[in-house]
Amino acid sequence: MGRGYKQRATRVSVRYPAVLIEPDGCRVEVTILDVSSSGFRLETDAELLAGEEVRLQLPKLAPVRASIQWTRGREAGGTFLDAVDLWAARPLAPPPPRPRA
């Protein structure tokens, strides 16, 4: 690894429905497209601002503070400011297919 290189956390592709809560309290529906222990990428019709501190609400999980790092069209990426229990989010994913009998 070169100097100054920071290894990126492993990202997992998902499609989680979520609510993004803006600083003014406005609630926006988003879809989380990928997630890691340190951040996420989402899709939304809302106009988000890089540098904005928001909260993300996933079903069955408490809201988590996050910071929007970049935006591009309908996508945005951010970092979690609070610890996130990705294991607790697992039930949101569809169950694996059952083996055929």
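This report describes the strands, the nonpolar core and selected side-chain contacts of a predicted model.

## The barrel

Six strands form a closed barrel, and their order around it is β1-β2-β3-β6-β5-β4. The pairing between them is antiparallel. On average, neighbouring strands of this sheet are turned by 45° against each other, direction ignored. Strands of a sheet are held in pairs through backbone hydrogen bonds, in either a parallel or an antiparallel arrangement.

## Strand pairs in detail

Strand β3 covers residues 39-43 and strand β6 covers residues 75-80; the two pair in the antiparallel sense over five bridges. Within this pairing, glycine 39 stands opposite threonine 79 in β6.

Strands β5 and β6 are joined in the antiparallel sense over six bridges. Their hairpin has two residues between the strands, and glycine 73 takes a positive phi near 65° there. Strand β5 (residues 64-72) pairs with strand β4 (residues 53-57) as well, again in the antiparallel sense, over four bridges. Here valine 54 is found opposite alanine 66 in β5.

## The nonpolar core

The largest nonpolar core contains 19 residues. Those that touch the most other members are Leu20, Val30, Ile32, Phe40, Leu42 and Leu56. Each of the strands β1 (12-21), β2 (27-35), β3, β4, β5 and β6 supplies at least two residues of this core.

Isoleucine 32 illustrates how such a residue is surrounded. When residues up to four places away in sequence are not counted, isoleucine 32 touches Val14, Arg15, Tyr16, Ala18, Phe40, Arg41, Leu42, Leu56 and Leu58.

## Aromatic rings and a charge

The model has one aromatic pair.

Phenylalanine 40 counts as buried because its relative accessibility is 1%. Phenylalanine 80 has a relative accessibility of 15% and therefore also counts as buried.

A further contact involves a charged side chain and a ring. The charged end of arginine 72 sits over the ring of tryptophan 70, at 4.7 Å from the ring centre.

How values were computed
Residues are numbered from 1 along each chain as its sequence is written. This is a predicted model: local features need pLDDT of at least 70, side-chain atom pairs count only at pLDDT 80 or more; totals for chains, interfaces and linings use all residues. Side-chain values use heavy atoms; hydrogens and water are left out. Two strands pair if DSSP finds at least two bridges between them. Axes are lines fitted to C-alpha atoms, for helices over the stretch in contact, and angles run from 0 to 180 degrees between N-to-C directions. A nonpolar core is a set of buried Ala, Val, Leu, Ile, Met, Phe, Trp, Tyr and Cys residues joined through side-chain atoms within 4.5 Å. Buried means under 20% relative accessible area, exposed over 50%, partly exposed in between (1.4 Å probe, protein chains only). Contact means heavy atoms within 4.5 Å. Rings of Phe, Tyr and Trp (its six-membered ring) pair if their centres lie within 6.5 Å; planes under 30 degrees apart count as stacked, over 60 as edge-to-face and the rest as tilted. A charge sits over a ring if NZ of Lys or CZ of Arg is within 6 Å of the ring centre and within 35 degrees of the ring normal.
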